[in-house]
Amino acid sequence: MAAATGPKRQDTRKFFENLSGAGKCIAVLTSGGDAQGMNGAVRAVVRMGIYVGAKVYFIHEGYQGMVDGGDYIKEATWESVSSVLQVGGTVIGSARCKEFRSREGRLKAAHNLVQRGITYLCVIGGDGSLTGANLFREEWSGLLNELTEQGLIDEKAARSHSQLHIVGMVGSIDNDFCGTDMTIGTDSALHRIIEVVDAIMTTAQSHQRTFVLEVMGRHCGYLALVSALACGADWVFIPEMPPEDGWEDNMCQKLSENRADKKRLNIIIVAEGAIDCHNKAITPDYIKDLVVSCLGFDTRVTILGHVQRGGTPSAFDRILASRMGVEAVLALLEASTDTPACVVSLVGNQAVRLPLMECVQMTQEVQKAMDEKKFDEAVRLRGRSFENNLSTYRLLASQTARSELQNSSFNVAVMNVGAPAAGMNAAVRSAVRVGITEGHKMFAVNDGFEGFYKGQIKEIKWGDVGGWTGQGGSLLGTKRTLPAKHLDAIAEQMRIHNITALLVIGGFEAFESLLELYEARANYLEFCIPMCILPATISNNVPGTDHSLGADTSLNAIVETCDRIKQSASGTKRRVFIIETMGGYCGYLATVGGLAAGADTVYIYEEPFDIRDLQANVEHLTQKMKTSIQRGLVLRNENCNENFTTDFIYQLYSEEGRGVFDCRKNILGHMQQGGAPSPFDRNFGTKVAAKAIQWITRTLKESYKEGRVFTNSEDTACLLGMRRRAMVFQPVAQLREETDFVHRIPKEQWWLKLRPLMKILAKYKTSYDVSDAGQLEHVTRVRPKENDASAAI
């Protein structure tokens with residue numbers, strides 16, 4: 001991992017070295033229902049706390065442990081959170097605590113904290129746990145006065161512990177907390193659901209069955225909604241969208257239409273809190289009986305239950321938890337007497353801090369709106385992530401529009417370019433169906449631009465893309481061929497098929513292709529049409545976006561393999577693994593995979609390193625082998641250095657570590673490109689493609705004059721990417737300046753800011769720029785319309 005030296009930073013940046021934890025005591029607890037990823041958050045809090053010089057305590061069994069004291073509150077060490085990153089649930093335990101709800105209970109808890117000098121508290125839990133923490137903070141000075149009066153603490157102790165600072169992180173699989181796009185555990189729960197749905201689909205297909213699946217979500221339909229999007233379910237029931245009277249007939253009609261379309265199975269997803277418009281519960285058994293009596297279909301019910309809470313955390317949840325844990329410690333160190341208790345959360349791709357009670361009040365307002373049957377209001381309060389999911393679902397579910405819409409006379413072509421990436425098929429399916437809904441004729445181009453110039457173009461219908469969301473790779477076929485040498489033939493094919501808009505789903509080659517077509521507009525009228533790219537590559541090396549389709553699936557493959565490799569070392573001890581990842585010159589997979597797998601060192605092209613750095617890394621591992629953690633994990637991006645190859649690093653470590661540790665190497669290769677897409681990639685692909693087609697429709701209408709489409713402005717050849725908090729359409733001509741074409745990477749990459757965080761969690765001294773850390777913001781209620789359009793996924 002290159003030593004932590006680097007180019008001198010500008011003075012405008014703020015570094016956390018000035019934030020010392022010396023003399024401070026931080027306690028961390030998990031409360032309420034468990035969620036995968038909580039351990040990653042606990043690990044990050046402990047290690048960041050120790051790193052800044054603070055004492056960190058575990059409070060075992062949640063608030064119950066805080067009330068009971070004694071051995072339930074123990075000092076944490078660096079090693080005590082080793083190997084917990086890949087473990088589901090919470091290793092420090094969680095419990096519901098009635099006693100903490102009474103003032104006597106909170107008095108005992110305050111006494112236990114003061115005895116150990118703890119005045120900084122990090123709470124990981126749901127809204128109930130966080131509300132309890134805030135009440136505790138508000139009562140703190142009164143509780144200390146009472147303890148002083150009772151003679152349990154002296155005046156001096158009361159003065160030196162006069163302030164209690166609290167930071168919350170939301171751990172909840174339901175994703176029911178307002179103010180954050182994703183809570184810790186939600187992505188992993190979606191992984192469990194989608195694993196089950198994928199497995200059920202094969203048996204349902206064999207027997208032409210209908211399956212009704214119940215997923216968790218008593219008050220929030222997020223899991224049901226996103227899993228329905230991610231698996232292409234026929235119908236979904238969620239508390240926020242009660243069906244109108246007569247829904248039974250509508251649902252049965254849709255199911256029988258789907259069967260008539262040669263679909264051999266039906267999937268219906270029900271949130272456990274689903275209701276109809278009269279507040280009557282809709283149960284899986286009721287739906288099953290309905291389908292059997294109306295249609296006579298062979299129907300089965302599966303209730304997923306606590307399977308959704310279990311299992312290992314996904315890569316996304318590990319990264320989220322690690323980022324949030326570090327952010328929580330920074331927030332505690334920066335807290336002053338007038339700082340309100342805050343929660344650290346994620347909006348788009350950015351960490352933010354929000355006042356805890358504002359979020360809790362907003363969350364309670366959602367329930368109030370639902371109780372008053374103001375469902376649209378409840379959806380709006382849930383936030384833009386939920387809103388986007390719901391509007392995409394409605395768009396894809398509006399099959400009625402197919403026959404009612406007049407044909408728009410626009411022909412839209414969809415194609416894949418570059419290497420295959422998981423999620424491409426979900427994007428194609430969404431684009432085709434939304435395009436048909438909007439009244440366009442959709443055309444599929446096989447085998448990228450090679451297929452384009454050879455005329456491998458055919459119309460694609462609604463039923464042709466059924467069941468595509470869960471398929472890995474590229475069903476349309478994809479090639480790396482660029483269009484520049486075949487412009488005449490491509491223009492000719494566009495004329496023949498009267499293509500009036502183009503959607504390209506692919507990686508860096510897709511970006512280069514669109515640039516070439518844009519630059520050829522001066523010579524070819526055929527290219528003067530709306531064109532859009534959706535970045536899809538496991539390398540995540542396309543300019544103009546923080547996330548590319550396929551990268552999340554690839555990260556999960558890397559993390560899963562690293563977990564197995566680490567486990568194999570638990571028996572042999574004193575073993576270091578050197579693992580090579582893909583990515584070309586882009587170190588995203590290696591860095592973020594390293595953060596999620598708990599790597600000691602990661603070598604990438606973007607951060608040059610020399611033999612002295614390699615030597616320092618070997619020395620660091622030698623020191624580590626003297627502790628109780630006797631294994632090491634080193635990741636190397638395939639093109640990080642032409643001379644320091646994987647073999648070279650393996651041989652160097654083997655020689656330098658002789659007698660202390662032995663080495664093994666592993667080249668992950670194409671397993672990173674394969675596999676079924678992760679829930680994130682299915683959902684992301686579905687939403688961005690729907691957004692792109694809507695943009696294409698708007699642009700087509702604007703550029704349709706005198707019976708034909710013509711546009712040559714740069715803002716009609718765009719890339720749709722996620723930038724921090726928003727999804728934005730950016731002209732490819734402008735992105736040219738941001739690109740290093742030799743190494744096929746963007747000149748600036750957001751994830752490089754995660755590297756110091758990874759080094760800190762691996763016990764390296766480094767500089768961590770906190771100028772980009774979350775500032776305390778307020779929960780926004782009413783957003784301008786324009787923002788809605790570019791809301792983050």
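These legends walk through several close-up views of one predicted model.

Local features here need pLDDT of at least 70 and side-chain atom pairs count only at pLDDT 80 or more, while totals for chains, interfaces and linings use all residues. Residues are numbered from 1 along each chain as its sequence is written, and side-chain values use heavy atoms, with hydrogens and water left out.

**View 1. A sheet of seven strands with mixed pairing.**
Read across this open sheet and you get the order β3-β2-β1-β4-β5-β10-β11. Strands (E, at least two residues) and helices (H or I, at least four) are DSSP runs, numbered from the N terminus. Two strands pair if DSSP finds at least two bridges between them. β3 (73-75) and β11 (350-355) stand at the edges with a single partner strand each, so one side of each has no neighbour in the sheet. On average, neighbouring strands here are turned by 25° against each other, direction ignored. Helix α10 (residues 315-334) lies across β1 (25-30), β4 (120-125), β5 (165-170), β10 and β11, and runs at about 140° to β10. Such angles run from 0 to 180 degrees between N-to-C directions, with axes fitted to C-alpha atoms, for helices over the stretch in contact. Contact means heavy atoms within 4.5 Å.

**View 2. Strand β10 and its partners.**
β10 (residues 342-347) pairs with β11 in the antiparallel sense over six bridges, and with β5 in the parallel sense over three bridges. Toward β11, look for Val344 with its bridge partner Arg353, and Ser345 with Val352.

Six of the six residues of β10 are buried (under 20% relative accessible area, with exposed being over 50% and partly exposed in between; 1.4 Å probe, protein chains only). That is why β10 is largely enclosed by the rest of the structure.

**View 3. A parallel sheet of four strands.**
This open sheet goes β7-β8-β6-β9. Its edge strands, β7 (235-237) and β9 (299-303), each pair on one side only. Neighbouring strands are turned by 15° on average, direction ignored. β6 (residues 210-215) and β8 (residues 266-271) pair over six bridges, with Phe211 bridging to Ile267 in β8. Helix α8 (residues 247-260) lies across β6, β7 and β8, while helix α9 (residues 284-295) lies across β6, β7, β8 and β9.

**View 4. Val196 in helix α6 (residues 186-207).**
Val196 counts as partly exposed because its relative accessibility is 22%. Leaving aside neighbours within four places in sequence, Val196 is in contact with Leu213 and Leu304. Its C-alpha atom is separated by 9.8 Å from that of Gln308, 112 residues apart along the chain.

**View 5. Helices α11 and α12.**
The axes of α11 (residues 356-371) and α12 (residues 375-382) come within 8 Å and cross at roughly 165°. The two are therefore roughly antiparallel (over 145 degrees; under 35 is roughly parallel, 65 to 115 roughly perpendicular and the rest oblique). Among the residues that meet are Met362 and Val366 in α11, and Phe375 and Leu381 in α12.
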